[in-house]
Amino acid sequence: MVILLLTCSLQSSSQSFFQEADQFFKQYVENGLVKYDQIKKDKTALNDLVKKIGAFELDNASKSEQKAFYINAYNILVIHHVMANYPAEGPLKIKGFFNELKARVAGADLTLDELEKKWLFKAFPDERLHFVLVCAAMGCPPLADYAYLPEILEKQLADRTKYVLNFPAFIRVNKDIVQVSKIFEWYEVDFLAKNESVLTYIDQYHTQSLRGKKWSFYEYDWRLNKY
C-alpha cells in the first residue's frame, strides 16, 4: 500500500511538472522568442519549475519521461540563468553561462553543458535534440511554445525537426545557394553518422529538394532571443 501511494505520488509530481512547463512555454514564448520582460514582472512560475527540476525523481521514470524531462529542464534553466542576469545582451555576455553557472537537476548540481552533453546526449544520442534545445540566442532554433511531453515525445521531435529545418531564418535557401546554421558544423559528427553530408541530412526534412546546391555556414547570431 505504501509503495503504491509512493508510486502514485511520483507520477503525480511528474505530470505536474510537464503540465506546468507546458503552461509556462505557452504563456511566455511567442514566435520562437521569449517574453523576458513579462517573466521579470512575476517569476513565480519560473521559480516553481526550477524547484521541480531540482527535486525531479528519475529512478522510476520511463525513458520517454527522462528524455522529455531533460529537454524541458534545459530550456527552462536557460531562461532561469538569463533572468538571474537580466537584462543581458545574450548568453555569451553572461560569464560562465554554459560551463560555470549551475542549477539543481534531479538532485545533482549541473551546468548547462553537463546537462546537455553528459546527461541528455549520453543517455539519448539523438541528433534531433539539436533542434529542440535552445540556448537563448537568436541564432538558435526557434523555441517551441509548448513543453515536450513523454506520451507524444517521438512525434514532437519529428514535427519540430521538420519545422526548424524549414524555418527560413534557420535554413536559408536562395535559388541554388543554401546557408545553414553553425550548429551543423559544431555537431557535424551527429549529422553525418548516417548521412553522407549535412545537406543530405537536411534534405530528409526540407520541403524543397536541396540536392546539388552549393552550401555554406552563416555566422551565428548570439543576441538574446527576446520577444
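**Helix H4 and the residues around it**

Trainee: I find His81 in helix H4 (residues 63-84); helices (H or I, at least four residues) and strands (E, at least two) are DSSP runs numbered from the N terminus. Is His81 buried or exposed?

Mentor: Good place to begin, with a word on the model first: it is predicted, so local features need pLDDT of at least 70 and side-chain atom pairs pLDDT 80 or more, while totals for chains, interfaces and linings use all residues. Residues are numbered from 1 along each chain as its sequence is written, and side-chain values use heavy atoms, leaving out hydrogens and water. Buried means under 20% relative accessible area, exposed over 50%, and partly exposed in between (1.4 Å probe, protein chains only). Because its relative accessibility is 5%, His81 counts as buried.

Trainee: Which residues does His81 touch, not counting residues up to four places away in sequence?

Mentor: A contact here means heavy atoms within 4.5 Å. With the residues up to four places away set aside, the partners of His81 are Ile94, Phe97, Leu101, Lys102, Ala103 and Leu112.

Trainee: How many residues of H4 are buried?

Mentor: H4 reaches 31 Å from its first C-alpha to its last, close to the 32 Å expected at 1.5 Å a residue; the expected span is 1.5 Å times one less than the number of residues. The helix is mostly covered, and of its 22 residues the number buried is 17.

Trainee: Which peptide bond is cis, with omega near 0°?

Mentor: Look at the loop between H4 and strand S3 (103-105), where Pro87 lies. The cis bond runs from Tyr86 to Pro87.

Trainee: What is the volume of the largest cavity?

Mentor: Rolling a probe the size of a water molecule over the atoms shows where empty space is left. On a 1 Å grid over the protein atoms alone, a cavity is a set of points where a 1.4 Å probe fits but cannot get out, and a pocket is an open set with protein on both sides within 12 Å along at least five of seven lines; lining residues have an atom within 4 Å of a point. Grid points are joined across faces, edges and corners, and a volume is the space filled by probe spheres set on the points. The count is one cavity of 30 Å³ or more, and the volume of the largest cavity is about 40 Å³.

Trainee: Which element gives the most to the lining of the largest cavity?

Mentor: The lining includes Asn75, Val78 and Ile79, along with Val34 and Tyr36. Its residues divide into seven nonpolar, two polar and no charged, where Ala, Val, Leu, Ile, Met, Phe, Trp, Tyr, Cys and Pro count as nonpolar, Asp, Glu, Lys and Arg as charged, and the others, Gly among them, as polar. With three residues, the element that gives the most is H4.

Trainee: Moving to the largest pocket, which element gives the most to its lining?

Mentor: About 300 Å³ of space lies in the largest pocket, and helix H5 (112-123) and helix H7 (183-186) are the elements that give two or more residues to its lining. Its 18 lining residues divide into 14 nonpolar, one polar and three charged. The most, three residues, comes from H5.

Trainee: Which residues lie nearest the centre of the second largest pocket?

Mentor: This pocket holds about 240 Å³ of space, and its lining has twelve nonpolar, four polar and two charged residues. Of the 18 residues that line it, those nearest the centre are Met138, Gly139, Cys140, Phe167 and Ala169.

**Cysteines and loops**

Trainee: How many disulfides does the count come to?

Mentor: Cys135 counts as buried because its relative accessibility is 9%, and Cys140 counts as buried at 6%. A disulfide is a pair of cysteine sulfur atoms within 2.5 Å. By that rule, the count is zero.

Trainee: Is Lys175 buried or exposed?

Mentor: Lys175 is in the loop between strand S5 (172-174) and strand S6 (177-180), with a positive phi near 60° in a residue other than glycine. Because its relative accessibility is 73%, Lys175 counts as exposed.
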